[in-house]
Amino acid sequence: MAEVKPYNMCWLEYTDLSKYKNKYIKVFENVVVLGGNELNLPLKELKNFLTFSLNIKPKIFKNTLVKGRNYVLIGRLIEIKKIFKESERFEKLLNDEGFIIKRIDIDGNKVLIITAKSYNGIVYGIFNLIERLKRGEDIENIDIVSNPSLRFRMLNHWDNLDGSIERGYAGKSIFFRENKILINERTKDYARLLSSIGVNGVVINNVNVKKKEVELITPSYLKKIGELSKIFSAYGIKIYLSINFASPIYLGGLNTADPLDKRVAVWWKAKVDEIYEYVPDFGGFLVKADSEFNPGPHMYGRTHADGANMLGEALESYGGFIIWRAFVYNCLQDWRDTNTDRAKAAYENFKPLDGKFSENVIVQIKYGPMDFQVREPVNPLFGGLEHTNQILELQITQEYTGQQIHLCYLGTLWKEVLDFDTYAKGEGSKVKEILKGNVFDLKNNGMAGVSNVGDDINWTGHDLAQANLYTFGALSWNPDERIEEVVKRWIELTFGDNEKVIKNISYMLLSSHKAYEKYTTPLGLGWMVNPGHHYGPNPEGYEYSKWGTYHRANYEAIGVDRSSRGTGYTLQYHSPWREIYDNIETCPEELLLFFHRVPYNYKLKSGKTLIQTYYDLHFEGVEEAEEIRKKWIELKGEIEDKIYERVLNRLDIQIEHAKEWRDVINTYFFRRTGIPDEKGRKIYP
């Protein structure tokens, strides 16, 4: 039996699947490995699964073919080609990280081949095979060619050295505690989890690099980071570090961090040399600069390109990358200023620099122009930057979407973002095609997700929030996947093949984002949260603040006019979106209050007024949350008791808090307008 851990392994839990033993035993009785000891780890993963879950104990043959018996053949393509010449055609099918899983006849034997060009591809292929076996798939005639569509598939941890996590809702950091780096069994299991969904990079520390965290690039920490890197590299994952742009001042004794000062460039080159001595497989740096009081090149009258390229040059000879966040805006705005629009800031800062960034620099762009709200338009930098590598930044941790207390599955939202057509080069210029490199012929693109992981027993606080992490991996590997299939696969891997469980949890996940949106801030409004911790309703929590997050509600209208007649934000989009968003009559209603200032008596396409729609949506949202809870209660006895109770507790809290959202927001608008609910439901005067 598998080792019992003090935490679960999410979709990678090796549970008893002996019901499939007879289905698979003839395939897996013999395993041939071509190559050296470098394949011991993926082989061990397969052996552990076969032993613990299927009670199959295969015979292992190293660099020796089995005659007269069926077998599994594992090896890099260069080794496979030495023996089976016809496999040369496989090379044309694979990219550097892709894999092939194929059942073929060789000399009268049925052979299941798992091959790839690279070691990483082998690891991904083994986990993909395990996933298929866990689901009981028929592999008799399996013929899989799988290549990741995106080069960079990364997790961003906002973890601090003291063990806290900024916007973390699942316990403490799994990387740090008391200013020390943690390496334990859970470290390896986390690498296994991420590898199983195709993640190939992890930034281990917070983008807001505080005083102590600046020291992560010093020898006092680099030795331990080197040990960490070895663990993750074995699973195909590179380690990255967030850095403070002013490190030459804090660590180097310089009086400047000016990127055009030769002393600064020399200091960074020496620092990078030192890092690679300790961490030979180091991926590079993530930088948050000139943003929310973090230092950057603007301090010296330089551009983002100046700063990024200087760092990129230091990393270039090692094959390292600079990932430069586009999250910049004036965070000292006067609320009386109605001309400055935070939504425009990223485009205004980075569009003029398009084409000026080095090849190993990637600009990381939040999905929307603001800050991970439940609904925003797609950032116009996607389609706006034609000569710059780009990473789409998503927030897996649910800062503004229920903080892993509420069930809010984000895969449906992410899929909408990926499928959004920017029209940058006419129809078909979708975000996902830009990230694939098909629109602007740029290959160093990808996706980054702000991690939702901590040291809780279930990793993500809410057991069902594991689906968000799994979905991020699935979509970063293949953004064309149907989201319904991703959901079904995660449920089967996590809870088994019970049809009722699959049906009910699918409903819960796929309907949860819309429900959350309805009872919080529908129609693109956003931001009505408590300042600081961002949980719970507060209609004017940020209304008179410095952060530029206003809705400007008065007694007759609400919303910011971002049309060409207002702040001009709509002009950052390509046609036809520019015209669609600009016109209140054609603007998608789910984004109406983001783009337009709308009177409360304005009639939507339903024939209902804006204010009545807002009342109705908030009542509907609570009803839908209650329906989600009912679907879970129907599964009592079908789900492990501890998991059932944990999730039920979260759903109970969610409904209580959804009602609070409903009552606070509806009351706010009723008191603002004096307009009653046409249906006479309880709103507090």
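## Burial scale

Partly exposed means a relative accessible area between the buried limit, under 20%, and the exposed limit, over 50%. The model is predicted. Residue numbers run from 1 along the chain.

## Salt bridges

The structure holds 57 salt bridges. Arg375 and Glu590 form one of them, with an N to O distance of 3.9 Å. This pair links distant parts of the chain, 215 residues apart. Arg375 lies in the loop between β14 (361-366) and α11 (381-384). Glu590 lies in the loop between α17 (577-582) and α18 (592-595). Glu590 has a relative accessibility of 32%, so it counts as partly exposed. Arg375, at 4%, counts as buried.

Some salt bridges share partners. Arg132, Arg135, Glu137, Glu485, Lys488 and Glu492 are joined in this way into one network. Within it, Glu137 bridges to Arg132, and their closest N and O atoms are 3.1 Å apart. Glu137 is partly exposed at 23%. Arg132 is buried at 17%; the cut-off for buried is under 20%.

Another bridge sits inside a helix. Glu274 and Lys271 both belong to helix α8 (residues 262-278). They are 3 residues apart, about one turn of the helix. Their closest N and O atoms are 2.6 Å apart. Glu274 is partly exposed at 23%, whereas Lys271 is buried at 8%.

## Aromatic pairs

A pair of aromatic rings is described by the distance of the centres and the angle of the planes. The whole structure contains 42 aromatic pairs. In one of them, Phe175 and Phe232 are tilted, at 6.0 Å centre to centre and 45° between the planes. The two residues are 57 residues apart and link distant parts of the chain. Phe175 lies in the loop between β7 (152-156) and β8 (176-177). Phe232 lies in helix α6 (residues 219-233). Phe175 is buried, with 1% relative accessible area. Phe232 is buried too, with 0%.

Trp490 and Phe495 make an edge-to-face pair. Trp490 is buried at 1%. Phe495 has a relative accessible area of 18% and is therefore buried. Elsewhere, ring pairs link Phe420, Tyr569, Tyr573, Trp577, Tyr581, Phe594 and Phe595 into a cluster.

## Arg186 over two rings

Arg186 lies over the face of Tyr7, at 4.5 Å from the ring centre. The charged end of Arg186 also sits over the ring of Trp459, 4.0 Å from its centre.

## Cysteines

How many disulfides does a search of the whole structure find? The count is 0. Cys408 illustrates this: it is in no disulfide, and the nearest cysteine sulfur, that of Cys10, is 19 Å away. Cys408 is buried, at 1% relative accessibility. Cys587 is buried as well, at 0%.

## Around Asn468

Asn468 lies in helix α14 (residues 466-477). Its relative accessible area is 1%, so Asn468 is buried. Which residues does Asn468 contact, leaving aside its neighbours within four places in sequence? They are Ile396, Gln398, Cys408, Tyr409, Leu410, Gly411, Trp414 and Asn452.

How values were computed
Predicted model: local features only at pLDDT ≥ 70, side-chain atom pairs only at ≥ 80, totals over all residues. Heavy atoms only, no water. Phe/Tyr/Trp six-rings, centres within 6.5 Å; stacked < 30°, edge-to-face > 60°. Helix = DSSP H or I, 4+ residues; strand = E, 2+ residues; numbered from the N terminus. Buried < 20%, exposed > 50% of the residue type's maximum accessible area, 1.4 Å probe, protein only. Lys NZ or Arg CZ within 6 Å of the ring centre and 35° of its normal. Disulfide = S-S within 2.5 Å. Contact = heavy atoms within 4.5 Å. Salt bridge = Lys/Arg side-chain N within 4 Å of Asp/Glu carboxyl O.
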